[in-house]
Amino acid sequence: RSFLPNGVFQRMICLLVAHSSRSYQKSGEMAILERPKLFKNFASVDFEPGFRIKVYEDTKLQHFYLLVDDNSLTKSNRSLIVIQSMLRKINSDIMGNGLSWEIFLEDCTTGEMTRYL
């Protein structure tokens, strides 16, 4: 039922790396960012100093997943807002507003996925 068009996953990675670069510039010289780790279907990017996001593309299910490894509710909420904005940009710029998606959030204690509205 789902289809992930070619280039959408790669564009998301580009936007994450661009955001990382901007957050580094805003934070000043004291910030330390690790270089992004980029692979065919996986990336690990410092979203901002001390806050890493991992992105995985499942080519069989035609999905991609963004994993936030942080217990900071403030950072997680802020990253969700920015990621939603990135999805809207991809949809507008590349897909002519024809891309639809669902966002699910995982409860880290139970592993249960809940649809985000």
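Visitor: What should I know about the numbering and the values?
Guide: Residues are numbered from 1 along each chain as its sequence is written, and side-chain values use heavy atoms, with hydrogens and water left out. The model is predicted, so local features need pLDDT of at least 70 and side-chain atom pairs count only at pLDDT 80 or more, while totals for chains, interfaces and linings use all residues.

Visitor: How do you know what the mean confidence of the protein chain is?
Guide: The score is pLDDT, the predictor's confidence in each residue, from 0 to 100. The mean for the protein chain is 84, and 88% of its residues reach 70 or more. Among the elements, confidence is lowest in strand β5 (residues 103–106), with a mean of 83, and highest in strand β1 (residues 37–38), at 93.

Visitor: What makes a stretch of the protein chain a helix or a strand?
Guide: Both are DSSP runs numbered from the N terminus: a helix is a run of H or I of at least four residues, and a strand is a run of E of at least two. The protein chain has 2 helices and 6 strands by that count. From the N terminus on, they run α-β-β-β-β-α-β-β.

Visitor: Why is L80 called buried?
Guide: Buried means under 20% relative accessible area, exposed means over 50%, and partly exposed is in between, with a 1.4 Å probe and protein chains only. L80 has a relative accessible area of 14%, so L80 is buried. Its place is in helix α2 (residues 73–93).

Visitor: What does L80 touch, leaving out residues up to four places away in sequence?
Guide: A contact means heavy atoms within 4.5 Å. On that rule L80 touches I103, L105 and Y116.

Visitor: How do you know how the span of α2 sits against the expected one?
Guide: The expected span of a helix is 1.5 Å times one less than its number of residues. With 21 residues, α2 reaches 30 Å from its first C-alpha to its last, close to the 30 Å expected.

Visitor: What makes the buried residues of α2 line one face of the helix?
Guide: The buried residues of α2 are S79, L80, I83, Q84, M86, L87, I90 and N91. Seen down the axis of α2, they fall within an arc of 160°, so they line one face of the helix. The arc is that of the directions from the helix axis to the C-beta atoms. On the other side of α2, T74 and I81 are exposed.

Visitor: What makes a set of residues a nonpolar core?
Guide: The set must be buried Ala, Val, Leu, Ile, Met, Phe, Trp, Tyr and Cys residues joined through side-chain atoms within 4.5 Å. The largest such core has 19 residues, of which M12, L16 and F64 touch the most other members. Helix α1 (8–27), strands β2 (42–48) and β3 (51–58), and α2 each supply at least two residues of this core. The most come from α1, with 6 residues. M12 itself touches F64, I83, M86, L87 and I90, not counting residues up to four places away in sequence. In soluble globular proteins, nonpolar side chains tend to be buried together.

Visitor: Why does D46 count as buried?
Guide: D46 lies in strand β2. Its relative accessibility is 6%, so D46 counts as buried.

Visitor: What makes the pair D46 and R52 a polar contact?
Guide: A polar contact is a pair of N or O atoms within 3.5 Å; within protein, one must be able to donate a hydrogen and the other to accept it, and residues adjacent in sequence count only if both atoms are side-chain atoms. The side chains of D46 and R52 are joined by such a contact of 2.2 Å.

Visitor: Why does N91 count as buried, and what does its side chain reach?
Guide: N91 has 9% relative accessibility and therefore counts as buried. Its side chain reaches the backbone nitrogen of G98 at 3.2 Å.
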